[in-house]
Amino acid sequence: MTTDLTDRYGAPSPWRRPVTIAIAAALAAVGLTWLAWVAWFHATPDVQSELVRFEVTSDHGTTARLQVDLGDGVDASCRLRAYAEDHTTVGELAFTPVDGANDVVIRTERRATTVEKLGCTAPGQPRPR
């Protein structure tokens with residue numbers, strides 16, 4: 001005895017396939033729009049910084065130049081850290097930068113050998129850059 005599945009379960013509704021395709025296309029459009037926005041947002045931060053140079057000036061001080069690119073009207077905060085020869089932190093400085101070159105002095109508890117840029121943050125940009 002053979003039976004046709006459509007006789008047993010009924011034929012699928014004629015509107016089901018177009019509606020499913022339309023919903024899938026709408027979800028794909030929303031997802032791609034969100035992905036494009038996220039890529040643009042993270043590619044154009046409000047503040048960017050680069051450690052240009054540093055110089056150990058004494059046993060208790062290091063100077064550094066940080067190049068900062070600020071967006072219009074952005075209040076940012078930057079952090080630098082000085083390390084000793086044994087890789088321990090000997091000084092740290094947090095400051096409010098200006099747009100352009102920022103020459104700063106990091107006070108250290110003993111002689112530093114290197115300076116690390118921890119980065120700059122702005123409101124709405126928690127990841128240091």
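**View 1. Asp86 and its salt-bridge partner in the predicted model.** At 44% relative accessibility, Asp86 is classed as partly exposed. In this predicted model, its side chain meets that of Arg110 in a salt bridge, with N and O 3.1 Å apart. Arg110 lies in the loop between β5 and β6, and Asp86 in the loop between β3 (77-83) and β4 (89-95), so the pair, by the strand numbering used, links parts of the chain 24 residues apart. Arg110 is also partly exposed, its relative accessible area being 35%.

View 2. Strand β1 covers residues 47-58 and strand β2 residues 61-70; the two pair in the antiparallel sense over 10 bridges.

**View 3. The salt bridge of Arg111 and Asp59.** The closest N and O atoms of Arg111 and Asp59 are 3.0 Å apart. This pair connects the loop between β5 (100-107) and β6 (114-121), which holds Arg111, with the loop between β1 and β2, which holds Asp59; the two residues are 52 apart in the chain. Arg111 is partly exposed at 44%, and Asp59 is partly exposed at 42%.

**View 4. The salt bridge of Arg65 and Asp103.** Here the closest N and O atoms are 2.7 Å apart. Arg65 has a relative accessibility of 27%, which counts as partly exposed.

**View 5. A salt-bridge network.** Arg79, Arg81 and Glu92 are joined by a network of salt bridges. Across the whole structure, the search finds five salt bridges.

Terms used:
Residues numbered from 1 in each chain as written. Predicted model: local features only at pLDDT ≥ 70, side-chain atom pairs only at ≥ 80, totals over all residues. Heavy atoms only, no water. Pairing = 2+ DSSP bridges. Helix = DSSP H or I, 4+ residues; strand = E, 2+ residues; numbered from the N terminus. Salt bridge = Lys/Arg side-chain N within 4 Å of Asp/Glu carboxyl O. Buried < 20%, exposed > 50% of the residue type's maximum accessible area, 1.4 Å probe, protein only.
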